[in-house]
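Let's take a friendly walk through a protein model. Keep the picture beside you as you read.

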Amino acid sequence: MSEMNQITEQLLRMVSDFDGAFTGAYNIRQDGECAGRQSSPNIRLENKADGPGLVIQVLPGTKGETVYIPACVTHSNLDDLVYNDFFIGEGADVVIVAGCGVHADGEEDARHNGIHRFFVGRGAHVLYKEKHVGTGSGAGARRIDPVTDITLAEDACLEMDTVQLGGVDTTLRKTTASLAARARLIVRERLLTEGGQQAESDFTVTLTGEDSGVDLVSRSVAKGHSRQVFRSNLRGLARCTGHSECDAILAEQGSVLALPGLEAKHLDAALIHEAAIGKIAGEQLLKLRTLGLTEQEAEERIVAGFLK
């Protein structure tokens, strides 16, 4: 176990609301090593036997607990890869905070790649919060490439709240999910890119059980010369409901490519996709400027509200 350094503490405050200490179950990953770990009576964290990462087991019926598993890369020339498996017991209701921060201080890249697998038991509910940031003045790229694979049992629900609002130069975010009968997946993605940053989000959701449902909403802002790609593929194999929505604002020379996909293989699979890409409306800017804001201040206010 390594000692937590100052950069890690700063990143933790940004990605996981760290106030000097975590309560309950937690694991702090720093530069590929453990900088602190604690289990609780209902949530056990153990090393994986077959590679770097954790096995997180939440006992059936666990209610009102939060487990923190932030990961921090605090210098350039590091490529951190970790595999975490979550086993959520039947009827549990928990919050998982999995923030990630990368700090580049040199010419080489700083990268974190977290591969998370969720196995959510019957009737369980999970709120999964994932916030990504990049910091540091080094020339090396700050890269975060998360992979999330979700398996929801009957009547299970997972809410995924994922945020990246600056500092990450490149990111490829892949999410796959399989839903059993009456399972629910709710995704809220918020994304800001600036300068020459690039971001790609790729969602594939397979609705295999009767009356399963997914609601996927992505809101993003592309500024500078940044580029974003949004892909979604909803596959309805039974009577189910699926909704995918991509709303993006362009500023300066930013670009966004939205590639929705719907695949229905059942007569009662009801799948919908919505997409809207455009600049900030002129009347919004005018209204705020009449209240005394500069054009830049008005634009910042609109973007903040859009990504809230």
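This report goes from the whole chain down to single residues.

## Before we start

This is a predicted model, where local features need pLDDT of at least 70, side-chain atom pairs count only at pLDDT 80 or more, and totals for chains, interfaces and linings use all residues. Residues are numbered from 1 along each chain as its sequence is written, and side-chain values use heavy atoms, leaving out hydrogens and water.

## The whole chain

You can find 3 helices and 22 strands in the chain; helices (H or I, at least four residues) and strands (E, at least two) are DSSP runs, numbered from the N terminus. The radius of gyration is 20 Å, close to the 19 Å that the globule rule gives for 308 residues, so the chain is as compact as a globular protein of that length. Here the radius is taken over C-alpha atoms, and the globule rule is 2.2 Å times the number of residues to the power 0.38.

Of the 308 residues, 52% are buried. Buried means under 20% relative accessible area, exposed means over 50%, and partly exposed lies in between (1.4 Å probe, protein chains only). Taking contacts (heavy atoms within 4.5 Å) between residues at least 6 apart in sequence, 80% join residues at least 24 apart.

## A look at T162

T162 sits in strand β14, which covers residues 157-164. With a relative accessible area of 2%, T162 is buried. Leaving aside residues up to four places away in sequence, T162 touches E130, R173, R188, E189 and R190.

The side chains of T162 and R173 are also joined by a polar contact of 2.6 Å. Such a contact is a pair of N or O atoms within 3.5 Å; within protein, one must be able to donate a hydrogen and the other to accept it, and residues adjacent in sequence count only if both atoms are side-chain atoms.

How many disulfides does the structure hold? There are 0 disulfides (pairs of cysteine sulfur atoms within 2.5 Å) in the structure. The sulfur of C34 is 12 Å from the closest cysteine sulfur, in C72, which is too far for a bond. C72 is in no disulfide either, and its nearest cysteine sulfur, that of C100, is 7.1 Å away.

Are these residues buried or exposed? C34 counts as buried at 17% relative accessibility, and C72 is buried at 0%.
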